[in-house]
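Reader: Please take me through the assignments in this model and say what each rests on.

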Amino acid sequence: MVAPLRIGLAGLGTVGGGVVRLLDLHGARLAERCGRAIVVAGVSARDRAKAAGLPLGGAQWHDDCIDLARRPDIDVVVELIGGSDGPARALVQTALANGKHVVTANKALLAHHGVELARLADENNVALNFEASVAGGIPIVKALREGLAGNRLSRIYGILNGTSNFILTAMSKTGRAFGDVLAEAQALGYAEADPSFDIDGVDAAHKLSLLASLAFGTEVDFGAVHVEGIRHVAAADIAYARELGYRIKLLGLARVTPHGVEARVHPCLVPVDAAIAHVDGVYNAVVAEGDFVDQQMFQGRGAGAGPTASAVVADLIDIAHGLRLSPFGVPTAALARLPASPMAQRMGCYYLRLQVVDRPGVIADIAAILRDESVSIESLLQRGRAPGEGVPVAIVTHEAEEAALSRTLQRIAHIDAVLEAPVLIRIESFTAS
Ligand code: HSE
């Protein structure tokens with residue numbers, strides 16, 4: 001039997017605890033599968049009490065996680081601390097520089113410093129594996145880096161944040177308002193330490209920046225992702241969407257256009273007959289489109305102790321087998337640096353919701369602006385009667401350029417009879433890209 005793979009584990013929160021339990025429960029199976037045991041040789045966490053009750057065997061405790069990266073007898077550092085800077089970054093840098101493999105669930109770290117860390121991993125000929133950082137238990141990193149690597153991928157998109165999906169699903173099923181269901185989602189333990197990362201789209205954008213790099217062989221460019229969250233999605237939008245044959249989902253979408261990489265996270269109206277419209281609750285889904293494989297959809301639990309631990313251990317198994325690929329699938333020095341494709345050039349259909357005074361001529365004024373901007377209306381819903389008072393109007397447009405929609409919205413907002421800032425939600429129909 002080959003010598004055990006000795007790991008140093010930093011972070012004993014939900015995910016860290018899950019990894020320790022999995023390694024304990026399946027230790028014998030894994031040893032057989034890998035031809036060597038995977039042993040936790042050292043641990044570190046913010047609070048020593050976190051270790052209580054965990055089956056840590058003879059693992060040595062370290063007050064300072066950096067010690068794990070310096071111990072000569074540790075082969076792999078598992079970073080489950082979180083945060084794009086601070087101790088997580090220092091630990092990963094030190095481990096890689098010291099020739100240790102790294103496994104991490106930290107999407108924020110990689111979204112901000114992925115290229116620099118991947119370069120360090122390549123230079124030191126060690127693995128930097130991050131399956132758990134995107135879509136929890138779904139093996140999407142491995143799928144892009146290995147399973148689909150023969151294809152030219154044209155587009156990747158998905159539901160990448162379980163908390164937002166849980167909130168939108170609950171709003172859709174119960175008609176409740178956003179604020180009402182947020183607290184419930186947090187109580188379920190899927191949320192980020194900073195819950196605004198979930199609902200403002202930041203967490204999904206971190207993940208999308210990694211998926212885009214893996215899919216297109218480009219440098220990770222978090223700053224190039226257009227990010228909007230779900231705070232402004234109202235119960236009225238969900239009801240209108242349903243009536244119009246759509247569901248509202250927070251999606252991350254990335255593709256290569258003639259102008260560069262288009263990467264965006266925002267709420268979308270998706271047709272009710274699209275498979276992704278039915279991925280509900282805390283589930284994640286990722287769709288990859290390749291020239292030889294066509295469309296592949298991956299669906300599963302995107303968060304939580306079990307699924308995330310499953311992904312961390314899969315990365316450890318690869319290392320135990322001696323498999324090392326460049327972190328983003330191609331040598332880091334060969335990753336392309338492409339510009340961000342401007343949002344203003346996005347072509348697509350749009351949903352608008354306006355609150356307007358109920359009086360003759362208001363719709364004509366709105367329609368005139370749409371006409372002037374060459375935005376064609378597909379449908380318009382205005383119900384109710386409240387002479388001189390506010391009534392909602394929902395409009396769906398035909399395909400138009402985002403720049404024209406932005407001008408349209410600015411002009412509509414200036415009409416006296418328009419009582420609130422107009423709401424715009426993009427429609428994604430998933431036609432061939
Ligand atoms: N907070 C994330 C989510 C889980 O809600 O999907 C970890 O990535």
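Author: The model is predicted. To begin after H8: that helix is followed by Gly189, whose phi is positive, near 80 degrees.

Reader: What makes Phe178, Val181, Leu182 and Ala185 of helix H8 count as buried?

Author: Buried means under 20% relative accessible area. Phe178, Val181, Leu182 and Ala185 are the buried residues of H8, which spans residues 178-187, so each of these four falls under 20%. Part of their cover comes from helix H7 (162-174) and helix H9 (196-199).

Reader: Why are the buried residues said to lie on the same side of H8?

Author: The buried residues of H8 are Phe178, Val181, Leu182 and Ala185. They cover an arc of only 120 degrees around the axis, and therefore sit on the same side of H8. In an α-helix there are 3.6 residues a turn, so residues three or four places apart point the same way.

Reader: What does the face of H8 turned away from its buried side carry?

Author: That face has the exposed residues Gly179 and Ala187.

Reader: What makes E3 and E6 edge strands?

Author: The open sheet has six strands in the order E3-E2-E1-E4-E5-E6, with parallel pairing. Strand E3 (60-61) and strand E6 (128-129) each pair on one side only, and are its edge strands.

How values were computed
Residues are numbered from 1 along each chain as its sequence is written. This is a predicted model: local features need pLDDT of at least 70, side-chain atom pairs count only at pLDDT 80 or more; totals for chains, interfaces and linings use all residues. Side-chain values use heavy atoms; hydrogens and water are left out. Two strands pair if DSSP finds at least two bridges between them. Helices (H or I, at least four residues) and strands (E, at least two) are DSSP runs, numbered from the N terminus. Buried means under 20% relative accessible area, exposed over 50%, partly exposed in between (1.4 Å probe, protein chains only). The arc is that of the directions from the helix axis to the C-beta atoms. Contact means heavy atoms within 4.5 Å.
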